[in-house]
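Work through the following exercises with the sequence and the structure side by side. Try each task on your own before you read its solution.

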Amino acid sequence: QVQLRESGGGLVQAGGSLTLSCAASGTIFRSNVMGWYRQAPGKQRELVATITRGANTNYADSVKGRFTTSRDNVKNTVYLQMNSLKPEDTAVYYCYADIHSRMDRRGDYWGQGTQVTVSS
């Protein structure tokens with residue numbers, strides 16, 4: 001069993017910063033791509049940022065230059081540093097991970113979500 005646990009959401013004023021963390025636990029042989037998605041009320045879930053095991057990153061155009069994702073492969077943890085936050089960044093943020101729980105078993109896993117609210 002693999003579980004993802006997020007932390008770090010909350011309420012912040014526009015222009016402020018927040019850092020999200022997501023730790024994978026359980027039976028983990030290797031974590032592959034990890035990242036973040038978000039879903040605002042009435043909208044579909046969208047990609048925010050992903051990072052490969054080799055630290056190659058990909059960002060949504062809407063967050064480029066403001067958000068930075070990083071990871072610790074030893075701790076199986078992924079981070080999202082969010083700066084210059086805007087009210088339109090308000091959403092539930094979900095952690096994602098592609099994980100081998102065994103050499104021959106691979107799956108997609110999601111966290112429970114953490115609320116980020118940016119006030120104007």
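**Exercise 1.** Decide whether serine 84 is buried, partly exposed or exposed, and find which residues serine 84 touches.

*Solution.* Start with the terms: buried means under 20% relative accessible area, exposed means over 50%, and partly exposed lies in between, with a 1.4 Å probe and protein chains only. Serine 84 has a relative accessible area of 41%, so serine 84 is partly exposed. This is a predicted model, in which local features need pLDDT of at least 70 and side-chain atom pairs count only at pLDDT 80 or more, while totals for chains, interfaces and linings use all residues. Residues are numbered from 1 along each chain as its sequence is written, and side-chain values use heavy atoms, with hydrogens and water left out.

Then look for contacts, that is, heavy atoms within 4.5 Å. Not counting residues up to four places away in sequence, serine 84 touches Gly15, Gly16, Ser17, Arg66 and Asp89. Finally, compare sequence with space: serine 84 and valine 63 are 21 residues apart along the chain, and their C-alpha atoms are separated by 9.5 Å.

**Exercise 2.** Describe the surroundings of alanine 24 and of asparagine 32.

*Solution.* Alanine 24 belongs to strand β3 and is buried, with a relative accessible area of 9%. Apart from neighbours within four places in sequence, alanine 24 is in contact with Gln3, Leu4, Lys75, Asn76 and Ile99. The step from alanine 24 to isoleucine 99 spans 75 residues in sequence, yet their C-alpha atoms are 9.1 Å apart.

Asparagine 32, in strand β4, is also buried, at a relative accessible area of 10%. Its contacts, again leaving aside neighbours within four places in sequence, are Ile51, Thr52, Arg53, Arg71, Asp98, Ile99, His100 and Arg106. The side chains of asparagine 32 and arginine 30 are joined by a polar contact of 3.0 Å; such a contact is a pair of N or O atoms within 3.5 Å, where within protein one must be able to donate a hydrogen and the other to accept it, and residues adjacent in sequence count only if both atoms are side-chain atoms.

**Exercise 3.** How many disulfides does the whole structure hold, and which parts does the pair of cysteines tie together?

*Solution.* A disulfide is counted when two cysteine sulfur atoms lie within 2.5 Å, and a search of the whole structure finds one. The disulfide joins cysteine 22 to cysteine 95, with an S to S distance of 2.0 Å. Cysteine 22 lies in strand β3 and cysteine 95 in strand β9, so the pair ties together parts that are 73 residues apart in sequence. Both cysteine 22 and cysteine 95 are buried, and the link is left-handed, with -85 degrees about the S-S bond.

**Exercise 4.** What is the strand order of the open sheet of four strands, and how do β4, β5 and β6 pair?

*Solution.* Strands pair if DSSP finds at least two bridges between them. The open sheet has the order β1-β3-β8-β7, with antiparallel pairing. Its edge strands, each pairing on one side only, are β1 and β7 (67–72). Within this pairing, β7 and β8 are joined by six bridges, and arginine 71 has valine 78 in β8 as its bridge partner.

Turning to the other strands, β4 and β5 run antiparallel and share five bridges, with tyrosine 37 opposite leucine 47 in β5. β5 and β6 (residues 57–59) are antiparallel too, over three bridges, and isoleucine 51 stands opposite threonine 57 in β6.

**Exercise 5.** Which residues touch the most other members of the largest nonpolar core, and which element gives the most to this core?

*Solution.* A nonpolar core is a set of buried Ala, Val, Leu, Ile, Met, Phe, Trp, Tyr and Cys residues joined through side-chain atoms within 4.5 Å. The largest one has 29 residues, of which Leu4, Trp36, Val48, Phe67, Leu80, Met82 and Tyr93 touch the most other members. β9 gives the most to this core, namely five residues.

Conventions
Helices (H or I, at least four residues) and strands (E, at least two) are DSSP runs, numbered from the N terminus.
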